[in-house]
Each structure stands twice: as structure tokens, then as C-alpha cells.
Amino acid sequence: MEGGLRETAIAHAPFFVTAPGETDVLFTIVVWFVVLAVFGAGALYLSLHALPERMAHHANHTQIQLISILTLLALFTHNNLFWLAALVIAVVQVPDFYSPLQSIAQSVKAMARNRGAVVDDSPVASEPVTTQEKAKDV
């Protein structure tokens, strides 16, 4: 009776039950699936993490170094606020205030030259002139 029960149990065993000494095919498939899923999730995370930096590169953003630093900080600290700040900076274009001001300064210098004023074309002095240096020049 016991031999018949064993044969009946073996006949009705599910497909994933393997005989002793044979390779467990389902286990091998599951292991490969988990390994590939972990690598795929890691690649997806890193590509999503680099999204602000790629957006800044494609748009020739002026604050690309700040965006890169924020994305690295977000990666190493796991703080999503840094990544969100980098994404906002990458999306929003900061207006260029320096170029119009420089153009205005050049126009004012040109107007002063036309009126006969002596204009210093050198950039802003890096060191202030002391009173002793002024006295030597006189």
C-alpha cells in the first residue's frame, strides 16, 4: 500500500518539485530574475537620479555646476530635497542680469567719451588706492 501511495504522490506532485539530485529549474529561474531585477532597478534609479543634470546639459544651463553638486549630494545623502532643488533649478531658467548691465555700462562709457569726459576703460580696481599712494603721485 505504501508503494502505491508514493507513486500516486509523485504522479500528482507539482511541476516545480524536483527529484533528488536533479537541478531545480524554477529556483535557477527565480535567482536570475531577482539578480536582473535588482540590476534593472539600480539602473532605473541612477538614470532617474541623473535627470536634472541631463536636462541642464541639454539646455546649456548656466547653473550646471550647482545642479551637479545638488544631484551628488542627493545621491550620497539620500535626501530627496536636494534632488528636487536640482530639478527645479534645471527646469527654471534664471534670467541673465549681467549681460544687460554690462551693455548699459558700455553705452554710458561711450556717451561719456562723446561728451569729452576722460573714461577709465580698465575693469574695477582690485585694490583700493591708499592715501600714501595718492600723495606719492602728486
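Mentor: What follows goes from the chain as a whole to one helix pair. This is a predicted model, in which local features need pLDDT of at least 70 and side-chain atom pairs count only at pLDDT 80 or more, while totals for chains, interfaces and linings use all residues. Residues are numbered from 1 along each chain as its sequence is written, and side-chain values use heavy atoms, with hydrogens and water left out.

The protein chain has seven helices and zero strands, where helices (H or I, at least four residues) and strands (E, at least two) are DSSP runs numbered from the N terminus. Of its 138 residues, 9% count as buried, that is, under 20% relative accessible area with a 1.4 Å probe, protein chains only.

The pair to look at is helix 3 (residues 51–58) and helix 5 (residues 80–91), which pack at an angle of about 15 degrees with their axes 9 Å apart; the axes are lines fitted to C-alpha atoms over the stretch in contact, and angles run from 0 to 180 degrees between N-to-C directions. Helix 3 is therefore roughly parallel to helix 5, a term for angles under 35 degrees. The crossing of helix 3 past helix 5 is left-handed, meaning that the near helix is turned anticlockwise from the far one by less than a right angle. On the side of helix 3, the residues that meet helix 5 are L51, P52, M55 and A56, and their partners in helix 5 are W83, A86, L87, A90 and V91, with contact meaning heavy atoms within 4.5 Å.

Conventions:
Buried means under 20% relative accessible area, exposed over 50%, partly exposed in between (1.4 Å probe, protein chains only). Angles under 35 degrees count as roughly parallel, over 145 as roughly antiparallel, 65 to 115 as roughly perpendicular and the rest as oblique.
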